[in-house]
Amino acid sequence: SIKKVINKIIIIQNKKNQDLFRNWIYEMFAANYIIDRIKPNSKNTIYLCDEGFLQRSFLIMYSNIAYKEKIKILKEYNKFVPKPELCIHLLRKKRVIENVHHYRKLNKDGIWIEKKNLQKFYNFENQIFKYFRKNVIFLKIKNNELLKKKIIKKII
């Protein structure tokens, strides 16, 4: 059933992004497998993953299917996806996010989202938190370098 949902997420992507998304999904499961093998052997291990958890959840949003179908797939995905013990969610002003996507579009650099579609992503982000909040501790902090360093030092 896991493979079925993963294939569903990959297939709904446009052709040029399918390999990228497939690699992200495999990377997530590989990292989880490795950490599961290390963790029982070392109580002093802290695994700091990349931005993967939320970013990979957003893979569903990049597709061209109806929003209700995206929410349905997100629910299925939530059932099996490896979840972090703690997710640090860096908050940024919408204006900054819009500028980042504007420059990505101009430079044809990475994936970018039109300003008019960003609100759909903000709404989807709320859905992610809704479905994962029972399993994951989310720490929301403003994306400020000094503040981040202080908070991360406290966490560690």
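I took helices (H or I, at least four residues) and strands (E, at least two) as DSSP runs, numbered from the N terminus. On that basis I counted 7 helices and 2 strands in the protein chain. Their order from the N terminus is α-α-α-α-β-α-α-β-α.

I noted that this is a predicted model, in which local features need pLDDT of at least 70, side-chain atom pairs count only at pLDDT 80 or more, and totals for chains, interfaces and linings use all residues. Residues are numbered from 1 along each chain as its sequence is written, and side-chain values use heavy atoms, without hydrogens and water.

I looked up burial next (buried: under 20% relative accessible area; exposed: over 50%; partly exposed in between; 1.4 Å probe, protein chains only). Of the 156 residues in the protein chain, 34% are buried. I137, in strand β2 (residues 137-142), is exposed because its relative accessible area is 56%.

A salt bridge is a side-chain nitrogen of Lys or Arg within 4 Å of a carboxyl oxygen of Asp or Glu. Accessible areas come from the Shrake-Rupley method with a 1.4 Å probe; for residues, only the protein chains shown count as cover. I found a nonpolar patch of L86, I88, L90 and I137, with about 310 Å² of accessible area together. Strand β1 (residues 86-91) gives the most to this patch, with 3 residues.

Conventions. Patch = residues over 30% accessible without salt bridge, like charges linked within 9 Å, V, L, I, M, F, W, Y side chains within 5 Å.
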